[in-house]
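Open the model in your viewer and follow the selections below in order. Each stop says what to select and what is there.

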Amino acid sequence: MRRMTWFNVTSLTFGFAFLYLPMVILIIYSFNESKLVTVWAGFSTKWYGEVLRNTAFLDAAWVTVKVAFLSSCLATVLGTMAAIVMVRAGRFRGRTLFSGMIYAPMVMPEVITGLSLLLLFISLGMDRGVFTIVLAHTTFAMCYVSVVVSSRLVSFDQSLEEAALDLGCSPVQAFRLVTLPIIAPAVISGWLLAFTLSLDDLVIASFTSGPSATTLPMKIWSSVRLGVSPEINALSTIMILVVAIGVITASLINKRNVMRQRREEAAADKLA
Amino acid sequence: MRRLLIAIPYLWLLALFIVPFVIVFKISLSDLAVAIPPYTPTLDIAEGWAGFKAFLSELDFENYIWLTEDALYWKAYLSSLKIAVISTLLTLLVGYPIAYGMARAPEEWRAMLFMLVILPFWTSFLIRVYSWMGILSQEGYLNQLLLWIGVINEPLVILNTNIAVYIGIVYTYLPFMILPIYAALEKLDISLLEAAEDLGCSRFSAFWLVTIPLSKQGIIAGSFLVFIPTIGEFVIPSLLGGSRTLMIGKVLWEEFFSNRDWPVASAVAVVLLLILIIPIVLFQRNEQKQREADQ
C-alpha cells in the first residue's frame, strides 16, 4: 500500500518550487527590456544580442569548452583505469593510499585543491594557462569518473570476461570486446560528469590559470561581484538551456538503450 | 601490463594530489618575503642533509602562531563551523520531507522526480547562487512580492547577511541531502510501518520509531555531504554574504589574492585540512558500514 498523503504532495510541491523558481525567475527576467534588472519593462531579446556580440564572453566560452573537452577526455581514461584497478586488480602495495587518493579530492574544499596545485605549478616553474587548468580539472574529475565506472564494474557478471579469456582472448581483447561495451554507459556518464564539472568550476580555475586564459565562470564571477546584470541573466539562461537539453537527451538515449537491452535479454530468455 | 595499469593513475594522483600538499605544508613553514614568489623557502632540498639540518634549526611555526594570535582566524574557523552546522540542519529539515515524498510517490513518477532533483546539480553552481542575488536584494523580487501582499511596509535587508548565506547553502546543497535519504527510504519495507500501526503506534510515533531509525544511514551520509564542503565554501559567502560574514574559504582566498601572503594562506589551508579530517574519516566509516550492510 502506497500512501500519498496531502503532506507528501505539499512537501514535493514546495520542494520542487524552491529548487526551480529561482532559475525560472532568472530566465523570465533575461527577456526584460530594462537595464534595471528587477523592474519589468516589456519583452525584449536585446540582452541576448549583447551577449553574442561581447567578444570577451565568447573568448572565455571558447577557453572553457576547450579546457572541459581536454580534461574530461583525460579524466575519463585515467578514471576508468583507476576504477579497474580498484575493482579488479586485487591486492597490491599502497592500495589503501590509492583508494584514499580517489575519494579525498571529492570532499576536499576547492580553495585547498586550487591553492596546492598553484603552488605546485609555481615551484615547477610552469607557465599557467589552459594547460595547467586542464591538469587541475583532470585530477579532480578523474575521481568522479572512477566512482561512476567502478559502481558499474562491481555490478556486472565477471564470468563474461573469464569466458572471453578462456576462448583465447588476450586481456586487452577481452577488455575491448567484452568489458568496454558493457561499462560503456557508465564511461559516457562519467565523461559527461567530468565535462560539466569542468565547465562549472570557478575556484580551481581561478587559482591555476594565468593571465593568458580566462574561463567563462571566471568572467561571470568578475562581473557578478558588481551586482545583478541583464547581460549575465541572458548568458545564464543560455547556459542553463544548453545543459538541460544535453542532460535530457543523454538520459533519453540511456533509457532507450536500457529498453533495448531488456528486450534482447527477454528474447534470449525465450530462446533458452 | 597490470603494473602499468596501476602505475599510471597512481603516479598521476601522487604528483598532482599528494605532492602539492607537501608543498603547501612546506610553504606554510616559510617566511613572507617581498619577492616573486613571495616567500623565502626555509628548506632547501638542493643542499641535501646540511640543508635539512639548517631547516630544523631554524624551524618555527610562526605562521601557525600568527593564526592563533590574530582573532580574525579563530573567528573565521568558528564561524565557518557554526554556519556549516546550522545550514546542515536546515538542509536536513528541508530535504527530508522532499525525499520522503519522493519515496512515497507512485512508482511511475519516481524516475522523473529523481531526474528533477539531479538536474539542478548539472547547472552551474555560480549561476544558481547568482540567481538568488536578484531575489534577495532590497529592491528584489522577494521584497516586491512581500510589499505587494502587504506583509511588510519597508523592504527587508536579506542580501549581504548570514541569512542569505544559509538560503544559498540550503539551495545549492539540497540535492546532496535528498539523494542519500531517498535511497534509504526507498528500500524501507512499508509493511514494517503497517505492523507498527497494527501494534498500536500512532502515525507519528511509527514515523519516529521506525522510519527515522531506518533512514539513519541516509541522514548521516547526506549531512556529511553538506557539512564537509560547506566549511570551505567560498562562492556563497562572497556573493550572498556581507562584509561581516566570516568564512575560512573566503579568508584563505583574500589572504592569497589580496594580501599575497602565501605562507599564511598555506597555514590556513593546513589547519582547515586538519579540521576536516575528522568529519571525512567519520563519513568514510559510515559509507563502509553501509556497503557491508548492503552485502
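**Stop 1: two helices of chain A**

Select helix 6 (residues 130-155) of chain A and helix 8 of chain A: their axes come within 9 Å and cross at roughly 155°. That makes helix 6 of chain A roughly antiparallel to helix 8 of chain A; angles over 145 degrees count as roughly antiparallel, under 35 as roughly parallel, 65 to 115 as roughly perpendicular and the rest as oblique. Axes are lines fitted to C-alpha atoms, for helices over the stretch in contact, and angles run from 0 to 180 degrees between N-to-C directions. Helices are DSSP runs (H or I, at least four residues), as are strands (E, at least two), and both are numbered from the N terminus.

This is a predicted model, in which local features need pLDDT of at least 70 and side-chain atom pairs count only at pLDDT 80 or more, while totals for chains, interfaces and linings use all residues. Residues are numbered from 1 along each chain as its sequence is written, and chains are lettered from A and ligands numbered from 1 in the order in which they are written.

Now show the side chains where the pair meets. From helix 6 of chain A, pick A:His137, A:Tyr144, A:Val148 and A:Arg152, which are among the residues that meet helix 8 of chain A. On the side of helix 8, the partners include A:Ile183, A:Gly190, A:Leu193 and A:Leu197. By class, this contact of helix 6 with helix 8 of chain A has 12 nonpolar, four polar and one charged residues. Here Ala, Val, Leu, Ile, Met, Phe, Trp, Tyr, Cys and Pro count as nonpolar, Asp, Glu, Lys and Arg as charged, and the others, Gly among them, as polar. Contact requires C-beta atoms, placed from the backbone, within 7 Å.

**Stop 2: helix 10 of chain A**

Select residues 216-224 of chain A, which form helix 10; seven of its nine residues are buried. A residue is buried if 20 or more other C-beta atoms lie within 10 Å of its own, exposed if 12 or fewer, and partly exposed in between, with C-beta atoms placed from the backbone. The buried ones include A:Leu216, A:Lys219 and A:Trp221. What covers the buried residues of helix 10? The cover includes helix 3 (55-88), helix 8 (171-200), helix 9 (203-208) and helix 11 (230-271) of chain A, together with helix 6 (125-136) and helix 12 (235-239) of chain B.

**Stop 3: chain B**

Colour by chain: 66 residues of chain B are in contact with 60 residues of chain A. Helix 1 (residues 2-28) of chain B gives the most to the side of chain B that touches chain A, with 17 residues. That side divides into 53 nonpolar, 10 polar and three charged residues.

Next, select helix 6 of chain B and helix 8 (residues 162-187) of chain B, whose axes come within 10 Å and cross at roughly 140°. The two helices of chain B are therefore oblique to each other. Among the residues that meet are B:Phe125 and B:Trp132 in helix 6 of chain B, and B:Ile167 and B:Tyr171 in helix 8 of chain B.

Last, pick B:Glu108 in helix 5 (residues 107-122) of chain B. Is B:Glu108 buried or exposed? B:Glu108 is exposed, with 7 other C-beta atoms within 10 Å.

**Zoom out**

Notes
Two residues are in contact if their C-beta atoms, placed from the backbone, lie within 7 Å.
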